[in-house]
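Subject: Model for you to look at

Hello,

The structure is pasted below. Some notes on it follow.

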Amino acid sequence: MKYQVLVRLKPGVLDVQGKAVENGLKDKQFDAIKNVRVGRVIELEVDGVAGAEAKARVDEVCKLLLANPVIEQYEIKEVA
Amino acid sequence: MKVAVVVFPGTNCDQDMEHVYGKLLKQETVRVWHRETELHGSDVVVLPGGFSYGDYLRTGALAKLSPVMEAVKAHAEAGGKVIGICNGFQILCESGLLPGVLLENVGRRFLSRFVHMRVESTNSFFTSGMTAGDVVTCPIAHFQGNYFAEAAVLDELEKRGQVVFRYCDANGDVRPDDIEVNVNGSCRAIAGITSRGGNVVGLMPHPERAVEDLIGFVGGATGLAPFRPAA
């Protein structure tokens with residue numbers, strides 16, 4: 001089973017990368033672009049188990065490592 | 001006093017810590033590689049600064065999975081002393097041994113400079129030999145030093161005297177909204193905190209880099225003070 005985990009900062013948590021991207025775009029007159037937030041996509045495969053059990057395994061590693069619940073939220077998508 | 005200096009791949013302040021504890025304070029000091037599972041009966045465990053695992057994923061995130069961290073957690077939970085400086089602080093936060101997290105500096109720059117910090121609380125093993133209100137001058141060198149926690153967590157830390165250091169100016173004035181003073185934008189200008197028991201301490205600045213006259217800014221009364229074994 002293949003999964004994509006989308007990790008992003010919670011609303012309200014300062015995203016300095018997003019701010020830098022936004023400011024860079026402003027220099028090129030993309031003034032209409034606002035509120036840039038940078039997240040991270042992590043792709044992974046789960047071997048030997050499928051369905052809900054596989055997804056539960058992914059959820060476990062999200063909580064353990066892939067996202068920090070103090071500042072981040074995550075979504076898990078099955079891709080194949 | 002026996003001191004364990006934990007070394008992760010990418011740690012780079014381990015020799016500074018060995019210098020302080022071993023050479024200057026003449027304490028028995030052992031290096032513990034992160035794959036090890038025991039701390040050799042050490043009284044104080046040091047998580048030094050550096051860039052463990054190249055700061056991949058989030059600073060300190062991968063280090064928390066290293067085998068040695070089980071021993072460090074057990075040591076801390078039994079009341080053992082743990083000091084994390086810079087990346088060590090980030091690892092302590094990621095491990096859940098201290099609350100909160102270190103975000104990127106608000107100014108979006110790596111900061112390598114001297115700062116002043118005020119001793120806020122002496123309720124920790126690391127600050128017990130210091131005096132509240134004292135100003136320590138020492139270097140910082142970090143990109144992710146912006147301490148963040150939810151307001152309720154910050155209130156709790158303050159209420160229990162767990163904020164041990166705050167960024168301040170040379171006179172000891174704390175101004176959280178002044179980027180010249182609270183250089184990385186930390187919540188409530190927090191530079192260091194301790195656990196409820198006062199046995200786990202994390203801070204971003206590097207007092208271990210301000211202990212020799214040669215370098216300057218020894219910080220007067222405060223240079224070596226936090227590292228000294230309790231009297």
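What is the strand order of the open sheet of 9 strands in chain B? The order is β2-β1-β3-β4-β11-β10-β9-β6-β7, with mixed pairing; strands are DSSP E runs of at least two residues, numbered from the N terminus, and two strands pair if DSSP finds at least two bridges between them. β2 (28–33) and β7 (135–142) of chain B stand at the edges with a single partner strand each, so one side of each has no neighbour in the sheet.

This is a predicted model: local features need pLDDT of at least 70 and side-chain atom pairs count only at pLDDT 80 or more, while totals for chains, interfaces and linings use all residues. Residues are numbered from 1 along each chain as its sequence is written, and chains are lettered from A and ligands numbered from 1 in the order in which they are written.

Inside the sheet, β6 (residues 111–119) and β9 (residues 163–168) of chain B are antiparallel, over 4 bridges. B:V119 has B:F165 in β9(B) as its bridge partner.

On chain A, A:I42 sits in strand β2 (residues 40–45). Why is A:I42 classed as partly exposed? A:I42 has 18 C-beta neighbours inside 10 Å, and partly exposed means between the limits of 12 or fewer (exposed) and 20 or more (buried) other C-beta atoms within 10 Å, placed from the backbone. Beyond neighbours within four places in sequence, A:I42 is in contact (C-beta atoms, placed from the backbone, within 7 Å) with A:V5, A:V7 and A:L66.

Between the chains, 12 residues of chain B are in contact with 7 residues of chain A.

Regards

Notes:
Two residues are in contact if their C-beta atoms, placed from the backbone, lie within 7 Å.
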